[in-house]
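Trainee: I'd like to go through this one with you piece by piece. Please put it up on the screen, and give me the ground rules before I start asking things.

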Amino acid sequence: MQPPSRTLMDDTVAATPRDAHLGRWRATLDAASRRSAQAMPLRACGRITRAAGLVLEATGLTLPIGASCLIELPGMSATAHAEAEVVGFNGDRLYLMPTSDLSGLAPNARVYPVESAPIIGATLNAKRLPVGMAMLGRVVDAQGVPLDGLGPLNNEATASLSSPVINPLDREPIHTVLDVGVRAINALLTVGRGQRMGLFAGSGVGKSMLLGMMARFTSAQVIVVGLIGERGREVKEFIEEILGEEGRARAVVVAAPADVSPLLRLQGAAYATSLAEHFRELGLDVLLIMDSLTRYAMAQREIGLAIGEAPATKGYPPSVFAKLPALVERTGNGPVGGGSITAFYTVLTEGDDQQDPIADSARAILDGHIVLSRTLAEAGHYPAIDIEASISRVMSALVSDDEFDRIRMFKQMLSRYQRNRDLINVGAYQSGRDPMLDRTIALYPRMEGFLQQRVRERCGHDTAVAQLDALLGT
Ligand SMILES: Nc1ncnc2c1ncn2[C@@H]1O[C@H](COP(=O)(O)OP(=O)(O)OP(=O)(O)O)[C@@H](O)[C@H]1O
Ligand SMILES: [Mg+2]
């Protein structure tokens with residue numbers, strides 16, 4: 001234990017003139033230290049020296065990457081300010097990326113670190129955002145501000161946008177099935193609790209519809225939807241028409257559409273992940289839907305290029321390929337016995353090109369992918385899942401050997417039919433040559449029917465498996 005601290009004044013009770021002199025000095029120093037403790041801290045402030053393109057340059061401040069700042073906008077009003085985040089530096093110059101509107105910014109505008117900003121009413125706390133059960137049914141933006149006009153959030157907790165890395169050895173393995181309510185996926189591409197899947201498709205082939213079906217029908221307890229970089233109109237459509245009342249009641253939607261700053265688009269994705277992590281910590285099974293991972297990568301590309309990073313693959317700087325796994329690795333299963341985050345990330349494949357660098361990178365870091373085909377969508381086959389091109393990499397751990405064999409049989413039949421489709425259509429195939437193909441031709445209309453599903457129709461996992469068994473006559 002520490003001895004009780006003595007103040008300097010205690011020593012002033014002294015007898016000799018030398019001690020009295022020392023005592024006076026000590027009293028003076030004591031008073032000075034009390035006054036300096038009461039003084040306002042020195043307010044650090046820098047100046048904006050350059051604003052061109054997406055980034056601002058500031059001098060006079062030393063701040064770490066990720067720090068938040070406020071910039072005075074004297075052109076607007078005395079208290080108007082913009083928010084920005086440090087995204088890089090070069091020597092004593094800081095690169096800032098604004099997260100709000102910059103109208104009114106003038107040369108030499110003052111920049112303050114957010115903790116010491118003198119601007120009244122600036123309650124910015126960019127690093128901790130609202131989370132918790134009270135968020136269910138709500139729609140918020142990337143900063144946690146409600147967009148749904150339903151009043152304040154009443155959230156019981158806040159969470160940081162980043163989280164410590166989970167030790168891979170502590171993670172619970174994927175061993176239980178998550179029912180997503182879509183027959184083709186439940187029966188042929190079984191998804192596990194804590195699995196991370198990609199949904200690969202071009203534009204307009206039914207990604208949002210399929211995600212909406214999963215959100216409405218899944219057996220997960222909570223749904224977190226991140227709408228990142230999509231059109232603003234789509235946000236309303238997704239919430240009102242695709243998610244609907246039933247999906248919305250147990251969902252939180254984070255919307256960071258295409259017109260917000262790229263930093264906010266990145267933050268929206270990180271925030272949706274933080275919300276999911278919080279629910280996982282509460283022991284819940286979470287379904288995280290991120291639409292889209294490609295737009296997240298594009299936001300990071302905008303930032304990387306703006307601060308002078310060199311473009312590497314198809315204009316994407318290397319930081320993009322580091323950001324993607326960092327985001328995806330936060331989801332999945334937590335430590336044994338806890339909750340889980342099963343995640344679906346949509347990946348845009350331009351012109352249905354599967355070789356896009358983001359698609360390639362996503363395929364490598366995810367535990368499987370579902371490919372939507374434009375040909376099927378154009379033929380009115382919904383959900384337009386290309387079973388042959390899709391794969392769930394953990395499926396063998398989820399289904400029995402018998403079931404696995406039946407799934408393989410279905411896929412082989414489908415693939416054999418596709419390869420011989422032209423011959424069959426022109427009547428050049430003679431039955432009897434290939435018994436498996438004969439069987440497929442007889443079953444094909446039922447197989448097609450099995451793969452299709454109406455938007456309002458739910459098909460649970462057990463039903464889907466039973467229907468597959470019945471179809472294959474086992
Ligand atoms: N299961 C379905 N049943 C019937 N029609 C569907 C189905 N899924 C999609 N569609 C049709 O496809 C259209 C586009 O679907 P959706 O908006 O989900 O595509 P998307 O891939 O999300 O498009 P975008 O790239 O524009 O985001 C819908 O408007 C609808 O007409
Ligand atoms: Mg969509």
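Mentor: Helices (H or I, at least four residues) and strands (E, at least two) are DSSP runs, numbered from the N terminus. Axes are lines fitted to C-alpha atoms, for helices over the stretch in contact, and angles run from 0 to 180 degrees between N-to-C directions. This is a predicted model, where local features need pLDDT of at least 70 and side-chain atom pairs count only at pLDDT 80 or more, while totals for chains, interfaces and linings use all residues. Residues are numbered from 1 along each chain as its sequence is written, and chains are lettered from A and ligands numbered from 1 in the order in which they are written.

Trainee: Okay, helices. At what angle do α6 and α7 pack?

Mentor: Find α6 at residues 293–306 and α7 at residues 318–328. Their axes are 9 Å apart, and the angle is about 140°.

Trainee: And what does that make α6 relative to α7?

Mentor: Under 35 degrees counts as roughly parallel, over 145 as roughly antiparallel, 65 to 115 as roughly perpendicular and the rest as oblique. The pair packs at about 140°, so α6 relative to α7 is oblique.

Trainee: Is their crossing left-handed or right-handed?

Mentor: A crossing is left-handed if the near helix is turned anticlockwise from the far one by less than a right angle, and right-handed if clockwise. For α6 and α7, the crossing is right-handed.

Trainee: Which residues of α7 make that contact?

Mentor: Two residues are in contact if their C-beta atoms, placed from the backbone, lie within 7 Å. The α6 side brings Y296, A297, Q300, R301 and G304. The α7 side brings S319, V320, K323, L324 and L327.

Trainee: How many residues of that α6 and α7 contact are charged?

Mentor: Here Ala, Val, Leu, Ile, Met, Phe, Trp, Tyr, Cys and Pro count as nonpolar, Asp, Glu, Lys and Arg as charged, and the others, Gly among them, as polar. In the contact of α6 with α7, five are nonpolar and three are polar. The charged ones number two.

Trainee: What about α7 and α8, how many charged residues in their contact?

Mentor: α7 and α8 (residues 357–365) pack at about 35°, axes 10 Å apart. F321, L324, P325 and V328 of α7 meet S361, A362 and I365 of α8. That contact has six nonpolar residues and one polar, and the charged count is no residue at all: no charged.

Trainee: Now the ligand. Which helix gives the largest share of the shell around ligand 1?

Mentor: A residue is near a molecule or strand if its C-beta atom, placed from the backbone, lies within 6 Å of it. Around ligand 1 you'll find A201, S203, G204, V205, G206, K207, S208, M209, Y382, P383 and V455. By class, that shell has six nonpolar, four polar and one charged. The largest share, three residues, comes from the helix at residues 207–217, α3.

Trainee: How do α3 and α4 lie, roughly parallel or roughly antiparallel?

Mentor: Their axes come within 9 Å, with α4 at residues 232–249. They cross at roughly 30°. α3 and α4 are therefore roughly parallel.

Trainee: Which peptide bond of P383 is cis?

Mentor: P383 is in the loop between α9 (374–378) and β17 (391–392), and it is also part of the shell around ligand 1. With omega near -10°, the cis bond is the one to P383 from Y382.

Trainee: Which residue does D291 join through a cis peptide bond?

Mentor: Omega at that bond is about 10°. D291 is joined to S292.

Trainee: Is T346 buried or exposed?

Mentor: A residue is buried if 20 or more other C-beta atoms lie within 10 Å of its own, exposed if 12 or fewer, and partly exposed in between, with C-beta atoms placed from the backbone. T346 lies in strand β15 (residues 340–348) and touches, among others, K207, D291 and S292. With 25 C-beta neighbours inside 10 Å, T346 counts as buried.

Trainee: And K314, buried or exposed?

Mentor: K314 is found in the loop between α6 and α7. K314 has a positive phi of about 50° although it is not a glycine. With 11 other C-beta atoms within 10 Å, K314 is exposed.

Key
Lists of a residue's contacts leave out its neighbours within four places in sequence.
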